[in-house]
Amino acid sequence: MEITILSQGKDEMEILVKGETHTLMNIIKATLLEDPRVETAFYDVKRLSNSVEREPVLYIKTMPGEKPIEILKDISAKIMAACDEFSNAFNKADRPK
């Protein structure tokens with residue numbers, strides 16, 4: 001995965017998430033939309049200039065005064081915690097009884 005910030009303003013940001021698919025992008029988008037600091041979030045799979053491949057571009061608009069990059073850091077930690085929780089629950093369920 002390679003992340004490139006395409007544009008960044010006071011309360012919005014657009015990033016390219018090279019090498020990822022709808023699977024991760026849907027999780028990121030859904031988690032962003034759960035956050036009350038986020039006004040809107042969506043992604044589109046675009047063909048960028050000089051490329052034959054299509055890559056996801058994530059757009060985030062926050063409420064006034066909120067920083068998109070800080071919210072992305074927060075939701076990344078939230079997603080990691082959810083993955084750890086699932087992994088722990090699965091490991092417990094997978095133990096022989």
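Me: A residue is termed buried when its relative accessible area is under 20%, exposed when it is over 50%, and partly exposed in between (1.4 Å probe, protein chains only). How does R37 count on this scale?

Reply: R37 has a relative accessible area of 23% and is partly exposed. This is a predicted model, in which local features need pLDDT of at least 70 and side-chain atom pairs count only at pLDDT 80 or more, while totals for chains, interfaces and linings use all residues. Residues are numbered from 1 along each chain as its sequence is written, and side-chain values use heavy atoms, with hydrogens and water left out.

Me: How many helices and strands does the chain have, and in what pattern do they follow one another?

Reply: Helices (H or I, at least four residues) and strands (E, at least two) are DSSP runs, numbered from the N terminus. The chain contains 2 helices and 4 strands, arranged along the sequence as β-β-α-β-β-α.

Me: What radius of gyration does the chain have, beside that of a compact globule?

Reply: The radius of gyration is taken over C-alpha atoms, and the globule rule is 2.2 Å times the number of residues to the power 0.38. For 97 residues a compact globule would have a value near 13 Å, but this chain has 16 Å. Its C-alpha trace spans about 55 × 40 × 15 Å along the principal axes. Of the 97 residues, 26% are buried.

Me: What share of the contacts joins residues 24 or more positions apart?

Reply: A contact means heavy atoms within 4.5 Å. Among contacts with a separation of 6 or more, 51% are between residues 24 or more positions apart.

Me: Which residues have the most contacts inside the largest nonpolar core?

Reply: A nonpolar core is a set of buried Ala, Val, Leu, Ile, Met, Phe, Trp, Tyr and Cys residues joined through side-chain atoms within 4.5 Å. The largest one here has 15 residues, and I15, M25, I28, L32, L58, L72 and I75 have the most contacts inside it. At least two residues come from each of β2 (12-18), α1 (22-34), β3 (38-47), β4 and α2 (68-93). The greatest contribution, 4 residues, is that of α2. Not counting residues up to four places away in sequence, I28 touches L58, I75 and I79.

Me: What does T31 contact beyond its neighbours in sequence?

Reply: T31 belongs to helix α1 and is buried, with 10% relative accessibility. Apart from residues within four places in sequence, T31 is in contact with I75, K78 and I79.

Me: How many salt bridges does the structure hold, and which residue pairs with K78?

Reply: Side chains of opposite charge can pair when their charged atoms come close. A salt bridge is a side-chain nitrogen of Lys or Arg within 4 Å of a carboxyl oxygen of Asp or Glu. The structure has 5 of them. In one, K78 pairs with E34, the closest N and O atoms being 3.4 Å apart. K78 lies in helix α2 and E34 in helix α1, so this pair ties together parts that are 44 residues apart in sequence. K78 is partly exposed at 47%, whereas E34 is exposed at 54%.

Me: Which side chain of opposite charge is nearest to E55?

Reply: For charge, Lys and Arg count as positive and Asp and Glu as negative, while His and the chain ends are not counted. E55, in strand β4 (residues 54-62), is buried yet has no salt bridge, and the nearest side chain of opposite charge, K18, is 5.2 Å away. A polar atom of the E55 side chain lies 2.8 Å from the backbone nitrogen of G19.

Me: Which side chain joins that of E12 in a polar contact?

Reply: A polar contact is a pair of N or O atoms within 3.5 Å; within protein, one must be able to donate a hydrogen and the other to accept it, and residues adjacent in sequence count only if both atoms are side-chain atoms. The side chain of E12 has such a contact, of 2.5 Å, with that of Y59. E12 lies in strand β2 and is partly exposed at 31%.
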